[in-house]
Amino acid sequence: MTKTLQNKIPVSIVMPVYNEEGILGKTLREHHSEIIEKLPGSEIVIVDDCSTDSSPQILVELEKELKSLRVIKLPHNVGHGKALRHGFENVKHDLIFHTDSDYQYNPKDFWKLYNEIDDNDLVIGYRAQRHDPIHRLIITRLLRLINTTVFGFNIKDANSPFKLIRSECLTECLKLIDKDAFAPSILLVLTAKWKKFRVKELPVEHFERTTGRVSIGSLKIIKPCLTTVYQILELKKKLNQ
């Protein structure tokens, strides 16, 4: 048993939400029973990015049921990246667990990351066998190649939304990442590696999406990918200064 697990250090779980009515209840209840109930004092910070389905109503009911749940509703839709950052900036614990609300990861795999955080500042659960559309798999491989070419870091899955991070590492990295970054999750990993924080990757289970739909389709994803590449290059310039 690790020191962290032995002492049951609480975590802040950060989840951006946008139109996940079909799976939201299952996601939050299982994360609560698997993590929150075993780490007293922990919290789930939900950032509702102006969902247009019944997700807001579901969250109202879940707040009554799950006392650890804290919902932040944004005044207008800002996109996943900015919603995630808003969540990062509103946590109360020194350990922050980022995961998405679409239930494409097994909550039980959280413990793989938690068991390694004593000796690391950032632990990433990478999708060993990924169940996503082909265009997303291609984009991930291209981004991995770009990260390796630009930074020299061979990171398996920098954009995986399954990360456990220490607040010191998160705070230091966010200072260097543009507040309007489209994919701060990727830039966070690159910055942490550049700043020589201790970063570790572990394989975790990945599920096929069974409800809702991906927020960016196969053609619409081209522009944000180009934006992300540009922001990676800009980040490298800033870190070199």
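Gln231 touches Asp180, Ala181, Phe182, Ala183 and Leu187, neighbours up to four places away in sequence not being counted; contact here means heavy atoms within 4.5 Å. The model is a predicted one, in which local features need pLDDT of at least 70 and side-chain atom pairs count only at pLDDT 80 or more, whereas totals for chains, interfaces and linings use all residues. Residues are numbered from 1 along each chain as its sequence is written, and side-chain values use heavy atoms, with hydrogens and water left out.

Gln231 is found in helix α9; helices (H or I, at least four residues) and strands (E, at least two) are DSSP runs numbered from the N terminus. With a relative accessible area of 17%, Gln231 is buried, the classes being buried for under 20% relative accessible area, exposed for over 50% and partly exposed in between (1.4 Å probe, protein chains only). The side chain of Gln231 reaches the backbone nitrogen of Phe182 at 3.0 Å.

Asp180, one of the residues touched by Gln231, also has its C-alpha atom 9.4 Å from that of Val78, the two residues being 102 apart along the chain. Val78 is placed in the loop between β3 (69-73) and α4 (80-88). Val78 has a relative accessible area of 29% and is therefore partly exposed. Residues up to four places away in sequence aside, Val78 touches Asp49 and Ala83.

Seven strands form an open sheet with mixed pairing, in the order β3-β2-β1-β4-β6-β5-β7; two strands pair if DSSP finds at least two bridges between them. The edge strands, each pairing on one side only, are β3 and β7 (199-204). Neighbouring strands of this sheet are turned by 20° against each other on average, direction ignored. Axes are lines fitted to C-alpha atoms, for helices over the stretch in contact, and angles run from 0 to 180 degrees between N-to-C directions.

Strand β5 (residues 122-127) pairs with β7 in the parallel sense over six bridges, and Tyr126 stands opposite Pro203 in β7. Helix α7 (residues 167-174) packs on the sheet, where α7 touches β4 (95-99) and β6 (162-166), and the direction of α7 makes about 95° with that of β6. Pairing between β4 and β6 is antiparallel, over five bridges, while β5 and β6 pair in the antiparallel sense over three bridges. Leu164 in β6 is the bridge partner of Phe97 and likewise of Val123. Because four of its five residues are buried, β6 is largely enclosed by the rest of the structure.

A nonpolar core is a set of buried Ala, Val, Leu, Ile, Met, Phe, Trp, Tyr and Cys residues joined through side-chain atoms within 4.5 Å. The largest such core has 30 residues, and Phe88, Phe151, Leu190 and Ile232 have the most contacts inside it. At least two residues of this core come from each of α4, β5, α6 (134-151), α7, α8 (184-194) and α9 (222-240). The most is given by α8, with six residues. Ile232, leaving aside neighbours within four places in sequence, is in contact with Leu143, Asn147, Val150, Phe151, Ile186, Leu187 and Leu190. Apart from this core lies another, of 28 residues, which includes Ile44, Leu62, Phe110 and Leu164.

Notes:
A polar contact is a pair of N or O atoms within 3.5 Å; within protein, one must be able to donate a hydrogen and the other to accept it, and residues adjacent in sequence count only if both atoms are side-chain atoms.
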